[in-house]
Amino acid sequence: MAEATGSDTVTVGVPQETFPGERRIALVPAGVAALKKAGLEVIIQQGAGASAGFPDSEYEEAGAGLVSDRTKVFETADIVLQVRTGGANLDHWQADLDQLREGQTLIGMCDPLGQSQLMTAVAERGVTCFSLELIPRITRAQSMDVLSSMATVAGYKAVLIAAETLPRMFPMMMTAAGTIAPAKVLVVGAGVAGLQAIASARKLGAVVQAYDIRPAVKEEVQSLGAKFVELELEASDSEQSGGYAKAMDEEFYRKQRELMTKVIADSDVVITTAAVPGKKAPVLVTEEMVQGMPDGSVVVDLAAEQGGNCELTAPGEAKAVGGVTIVGCVNLPTTIPYHASQMYSKNITTFLLHLVEEGKLSLDRDDEIIQGTMVTGGGEIRQALVRKILGLDPDEPPPPEPAEEETKEAGTATIPLAGDSDDDSGSEAAAADSGETENNDASEQAETDTNDQKSEG
Ligand code: NAD
């Protein structure tokens with residue numbers, strides 16, 4: 001077994017995930033090869049990929065060093081890659097935080113908008129943290145978009161859960177024993193997960209209808225062979241920039257529920273994916289509506305973690321109410337860990353390579369992707385929206401560090417890496433500079449893009 005050793009080369013470390021039940025890994029062997037090609041060393045905690053179907057031997061073949069324990073990964077790595085970290089791994093995060101050190105870079109899903117207060121401790125430790133949920137939804141960043149990747153997996157799995165739970169088959173069948181009618185599936189919310197659910201349910205042979213508050217998705221729904229449910233609702237102002245839905249008032253949702261009642265009563269399966277970034281999910285299926293569904297019907301609620309689209313949803317549980325089963329889905333991507341890891345790995349690798357030049361982190365302060373995702377750096381909270389949530393002025397850059405003037409060309413700054421010990425003072429200067437100036441741009445950018453797209457706090 002190749003045991004990782006210290007060197008001047010930047011080392012990327014991948015520890016095992018510690019979130020309960022988490023089976024994904026942040027980097028698959030193909031990702032190791034891509035990072036090595038860019039001049040980075042890679043170390044993986046021994047056995048970390050096993051639960052996703054990636055044995056140690058494949059990592060070794062791809063050129064990664066295997067490290068026997070988790071602490072060693074944190075000790076050795078300059079850049080730590082994770083799936084769930086920070087606020088996305090609440091119960092076990094403290095142990096990781098204690099191991100992070102100044103100058104280290106952490107990349108993963110941190111839930112910085114939901115658990116913003118945790119990011120303060122990350123900043124105070126001098127860790128540069130990029131949160132991948134904040135990848136701007138722009139064409140250039142599509143291959144880094146972990147939310148889309150994980151929503152794709154979740155949409156597919158939601159259909160499998162529905163098919164497994166429903167006491168009927170999905171496809172129409174004409175057999176010697178009679179004709180089997182196809183299952184009727186309604187998908188509410190036709191974003192990334194919803195569109196995948198439509199496609200998957202269609203492939204299984206169901207008759208599919210879908211509704212989304214954003215009229216723009218009608219054509220996408222139809223192109224997948226589903227019928228778009230037309231409700232007499234004024235929804236022309238329902239879309240914000242970035243393609244996300246806007247929060248509507250309670251009267252709108254009341255009317256929507258009323259108009260959807262009949263469609264829901266006529267469905268065997270209802271898959272709900274409706275979400276508004278930064279808000280509790282709208283309640284679109286009431287107890288009364290569930291009671292109106294045929295016995296044996298299934299509601300699969302993908303919004304369970306955001307409070308649920310169905311009034312009866314219990315996160316992480318499948319419960320029967322009358323003859324209807326309501327499944328409150330939680331962390332579905334981890335139930336398909338091989339492909340979820342493969343997609344996540346491609347996203348995080350593309351992101352990391354975007355930050356690397358000649359084997360070192362090199363951050364372009366004008367870059368929208370960096371501005372949007374860099375939550376902490378140089379001892380400060382950098383991301384404008386997170387600053388706003390924490391009561392910091394999103395427009396006010398953190399105070400400059402003393403060494404700031406020493407930094408050279410505008411536009412690009414090299415972030416010091418842990419273990420990059422050539423010249424410590426120079427590294428600190430670079431960090432201070434890059435952090436301070438990036439924040440200035442990040443604040444403005446986040447106000448115009450991320451704020452609109454992701455959350456209103
Ligand atoms: P999401 O998870 O925030 O929401 C899921 C869906 O729920 C959305 O389509 C939303 O319109 C819908 N919804 C909200 N309230 C509803 C209601 N009351 N009734 C019915 N539906 C409701 O969104 P998402 O899936 O992450 O992405 C949404 C959109 O973002 C995509 O469809 C796309 O346009 C855009 N997007 C762009 C990129 C990119 O350009 N790189 C990447 C991914 C997504």
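D111 sits in the loop between β5 (105–109) and α5 (116–124). The model is predicted. D111 is not a glycine, yet its phi is positive, at about 50 degrees.

G87 belongs to another loop, the one between β4 (79–84) and α4 (93–99). D111 is one of its contacts. Beyond its neighbours within four places in sequence, G87 also touches C110, P112, G114, Q115 and L118. Q115 is 28 residues away from G87 along the chain, but their C-alpha atoms are 5.1 Å apart. G87 has 19 C-beta neighbours inside 10 Å, so it counts as partly exposed.

E358 lies in the loop between β16 (356–357) and β17 (360–364). E358 counts as exposed because it has 8 C-beta neighbours inside 10 Å. The cut-off for exposed is 12 or fewer.

## Helix α9

Helix α9 covers residues 250–265, 16 residues in total. From first C-alpha to last, α9 reaches 22 Å, close to the 22 Å expected at 1.5 Å a residue. Even so, α9 has a kink of about 35 degrees, centred on L259.

Which residues of α9 are buried? They are Q256, M260 and I264. An α-helix has 3.6 residues a turn, so residues three or four places apart point the same way. The cover over the buried residues of α9 includes three strands, β9 (184–188), β10 (207–211) and β12 (269–272), along with helix α10 (287–291).

## The ligand shell

How many residues surround the ligand? There are 30, and the closest are G189, G191, G243, A245 and A274. By class, 17 of the shell residues are nonpolar, nine are polar and four are charged.

Domain 1 (11–145 + 336–454) and domain 2 (152–333) each give at least three residues. Helices take part too: α6 (146–165) and α7 (192–203) each supply at least two residues of the shell.

Definitions and conventions: Residues are numbered from 1 along each chain as its sequence is written. This is a predicted model: local features need pLDDT of at least 70, side-chain atom pairs count only at pLDDT 80 or more; totals for chains, interfaces and linings use all residues. A residue is near a molecule or strand if its C-beta atom, placed from the backbone, lies within 6 Å of it. Helices (H or I, at least four residues) and strands (E, at least two) are DSSP runs, numbered from the N terminus. Ala, Val, Leu, Ile, Met, Phe, Trp, Tyr, Cys and Pro count as nonpolar, Asp, Glu, Lys and Arg as charged, and the others, Gly among them, as polar. Domain bounds come from an automatic or database domain assignment. A residue is buried if 20 or more other C-beta atoms lie within 10 Å of its own, exposed if 12 or fewer, and partly exposed in between; C-beta atoms are placed from the backbone. Two residues are in contact if their C-beta atoms, placed from the backbone, lie within 7 Å. The expected span of a helix is 1.5 Å times one less than its number of residues. The bend at a residue is the angle between axes fitted to the seven residues ending there and the seven starting there.
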